[in-house]
Amino acid sequence: MTHTDTVLVIGEALIDIVQHEGGDAEFVGGSPANVAVGIARQGISATLLTRLGRDDRGRRIADQVTASGAAIDESSWTDAATSTARARLRPDGSAAYDFDIVWALDAAAADAAAGAASVVHAGSIALFLPPGGEVALATLERARRAGRIVTVDPNVRPALVGDDPLPVAERAFASATLVKLSDEDGEVLYPGMPAEQVLETIAALGPRVVVMTRGGEGALALGPAGPVDVAPLSVEVADTIGAGDAFMASLITSLVDDADLLAGDADALHRALRRAAVTAGITVSRAGANPPTRAEVDAAL
């Protein structure tokens, strides 16, 4: 692919309200919104199809997304309030969330946007929460049948996905060309299953590449040429908000940059994993979901 290719990101955009001792701080968040920002900061054309209120928080999200170089699909705007997620930081810098979110999506708008893109990505709450979840899943399936590259990150939020998220997750995986999940996602979806077996199970559903991030242990991937792993970037962690999203955005960027990644080239997969690990490492070294630019990643490689 070339940099004239475009990426459509489908999913929630919200305000992360992070509790600190000195009071609350608000950051633009939502996994898919973070991914769109991360892609755009790598110099790739990205459009976010989401659900934004015509309020101060919605305008703030739109301003940050567009300032990164990404676009907001016009059908994203609604008269309802913009969604929020209240994040409580644990001692290790990870976050637990309480959500106030409504997720709906116009099927015709989603299909139109997907038809104009080369890569279609969706994940997180957008896959699981009705009524928009069903629309998102069907859009991914139609995009894959139409020959688009489809990427998925389940980013499972146990408080929101119901008692059995596996059927929805596996339906999304079956539509995907590339899947990225965390080790925490793997434990929720496939309790007790070793990482390598999780990757094999998902790959059997149809994706050409499956990647599992493992926090401080780096990442493990399974591609057509077999397994590949990579170490994390060693940094002082500010918090882990947006780390997985930065990793996902980098993988999508590599799909656009390097056709060998889906052709079964193990070296291309290793390059993509290394770049994604560096991208995530830079992100966790600073507060909030604040992914790096291409120049920052290049300088750190």
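Okay, let's start in the middle: the largest nonpolar core has 50 residues, and Ile10 and Val152 touch the most other members. By nonpolar core I mean buried Ala, Val, Leu, Ile, Met, Phe, Trp, Tyr and Cys residues joined through side-chain atoms within 4.5 Å. Buried is under 20% relative accessible area, exposed is over 50%, and partly exposed is in between, with a 1.4 Å probe and protein chains only. Helix 5, residues 132–145, gives this core its largest share, 5 residues. Helices (H or I, at least four residues) and strands (E, at least two) are DSSP runs, numbered from the N terminus. Apart from that core lies another one, of 45 residues, including Val35, Leu48, Leu262 and Ala280.

Quick caveats. This is a predicted model, where local features need pLDDT of at least 70 and side-chain atom pairs count only at pLDDT 80 or more, while totals for chains, interfaces and linings use all residues. Residues are numbered from 1 along each chain as its sequence is written, and side-chain values use heavy atoms, with hydrogens and water left out.

Now the charges. The structure holds 13 salt bridges, meaning a side-chain nitrogen of Lys or Arg within 4 Å of a carboxyl oxygen of Asp or Glu. Take Arg86 and Asp24, whose closest N and O atoms are 2.8 Å apart. That pair links distant parts of the chain, strand 8 (84–89) and strand 3 (23–29), 62 residues apart. Arg86 is partly exposed at 29%, and so is Asp24 at 48%.

Asp56 and Arg59 form another salt bridge, at 2.6 Å between the closest N and O. They're 3 residues apart in helix 2 (56–67), so about one helical turn separates them. Here Asp56 is exposed, at 61%, whereas Arg59 is partly exposed, at 41%.

Last one: Glu141 and Arg171 meet at 2.7 Å, N to O.
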